[in-house]
Amino acid sequence: GKVEKRLVNGRLYGVESDIPVEIIWPAQDVSENLTVNTLVYFHGGGFVVGDLDSHQAHAIRLANEAACVVVNVDYRLAPEHRFPAAYDDCLAVTQWALDHINDLGKHVNRLAIGGDSAGGNLAAAVAISCRDIGIKLAAQLLLYPATDLSRMKGMPEKAYLGEENLELLGLDPRASPRYASSHEGLAPVILGVGPHDFLYDDNMRYEGILKAGKVKLILREFTSL
């Protein structure tokens with residue numbers, strides 16, 4: 001399919017800078033006879049690495065396998081840009097995608113967000129904000145998401161939250177989605193986990209929290225490497 005780079009005007013959504021995105025349309029033979037969905041995707045990389053190029057092949061695969069227009073987001077990275085910069089960028093592009101849905105998958109009720117690892121963290125956090133501000137998402141695709149940064153004390157978390165703020169900001173639901181005051185009413189979740197992943201326990205705790213909040217959830221556990 002077609003690949004197009006664009007700049008989202010962040011100032012329209014409360015962010016001081018433009019946010020680069022790459023829009024990937026599914027292959028023509030995939031999309032010809034299908035309703036085309038829209039997925040806003042946040043790449044992984046521990047909040048400090050990763051970009052449009054590192055996850056382009058991944059985004060193309062998602063576009064073709066799920067018949068969706070993928071908006072791959074080049075959010076700001078730590079340590080140059082600390083929390084909540086990445087979160088703010090991701091929420092802004094989600095709002096932009098809704099406002100420009102006719103240029104994307106065209107179906108306002110088929111807008112989803114997703115991400116892997118740190119990107120899964122951002123997707124889960126943005127999904128909570130979408131519920132709170134009235135954006136109805138079709139789904140959230142969470143691939144081994146980090147949902148509780150307060151338990152993680154590695155360099156990526158220190159770079160993102162700031163070493164001096166790690167304990168306090170780790171409890172902010174924009175950084176750790178598990179600490180939202182409520183998880184009821186969130187968009188349905190596809191949760192991809194692996195038992196050998198260091199985030200596995202975190203993921204399973206979040207699954208329990210989502211189930212307690214009566215969120216529709218499909219768990220995909222990948223047992224082999």
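Q: With which residue does Arg-76 form a salt bridge?
A: The model is predicted, so local features need pLDDT of at least 70 and side-chain atom pairs count only at pLDDT 80 or more, whereas totals for chains, interfaces and linings use all residues. Residues are numbered from 1 along each chain as its sequence is written, and side-chain values use heavy atoms, with hydrogens and water left out. A salt bridge requires a side-chain nitrogen of Lys or Arg within 4 Å of a carboxyl oxygen of Asp or Glu. With its closest N and O atoms 3.0 Å apart, the salt bridge of Arg-76 is formed with Glu-16.

Q: How many residues apart are Arg-76 and Glu-16?
A: Helices (H or I, at least four residues) and strands (E, at least two) are DSSP runs numbered from the N terminus. Arg-76 is in the loop between strand E4 (68-73) and H3, while Glu-16 is in the loop between strand E1 (3-8) and strand E2 (19-24). The pair thus links distant parts of the chain, and its separation in residues is 60.

Q: Is Arg-76 buried or exposed?
A: A residue is buried under 20% relative accessible area, exposed over 50%, and partly exposed in between (1.4 Å probe, protein chains only). Arg-76 has a relative accessibility of 14%, so it counts as buried.

Q: Which residues are linked with Arg-76 in a network of salt bridges?
A: In general, side chains of opposite charge can pair when their charged atoms come close. By the salt-bridge rule, the count comes to 13. The network that contains Arg-76 also includes Glu-16 and Asp-89.

Q: Which residue meets Arg-82 in a salt bridge?
A: The N to O distance of this salt bridge is 2.8 Å, and the side chains are those of Arg-82 and Glu-164. The pair links distant parts of the chain, 82 residues apart: Arg-82 is in the loop between E4 and H3, and its partner is in the loop between helix H5 (155-161) and helix H6 (166-169). Arg-82 is partly exposed because its relative accessible area is 40%.

Q: Where are Pro-79 and Pro-84 found?
A: A cis peptide bond with omega of about 0° joins Ala-78 and Pro-79. The bond from Phe-83 to Pro-84 is also cis, with omega near 5°. Pro-79 and Pro-84 are found in the loop between E4 and H3.

Q: Which residues are in contact with Ala-86, leaving aside its neighbours within four places in sequence?
A: Ala-86 lies in helix H3 (residues 85-99). Its relative accessibility is 1%, so Ala-86 counts as buried. Contact means heavy atoms within 4.5 Å. With those neighbours left aside, the contacts of Ala-86 are Tyr-75, Arg-76, Leu-122 and Tyr-160.

Q: How far is Asp-202 from Arg-205, the nearest side chain of opposite charge?
A: Asp-202 lies in helix H7 (residues 200-212). Leaving aside its neighbours within four places in sequence, Asp-202 is in contact with Pro-145, Ala-146, Thr-147 and Asp-148. Lys and Arg count as positive, Asp and Glu as negative, and His and the chain ends are not counted. Asp-202 is buried yet has no salt bridge, and its distance to Arg-205 is 5.0 Å.

Q: Which residue meets Asp-148 in a salt bridge?
A: Asp-148 is buried because its relative accessibility is 1%. The N to O distance of its salt bridge is 3.0 Å, and the partner is Arg-151.

Q: What is the phi of Lys-214?
A: Lys-214 is found in the loop between H7 and strand E8 (217-221). Its relative accessibility is 70%, so Lys-214 counts as exposed. Although Lys-214 is not a glycine, its phi is positive, at about 60°.

Q: What radius of gyration does the chain have?
A: The chain has 7 helices and 8 strands, and 53% of its 225 residues count as buried. The radius of gyration is taken over C-alpha atoms, and the globule rule is 2.2 Å times the number of residues to the power 0.38. For 225 residues, a compact globule would therefore have a value near 17 Å; in agreement with this, the chain has 16 Å.
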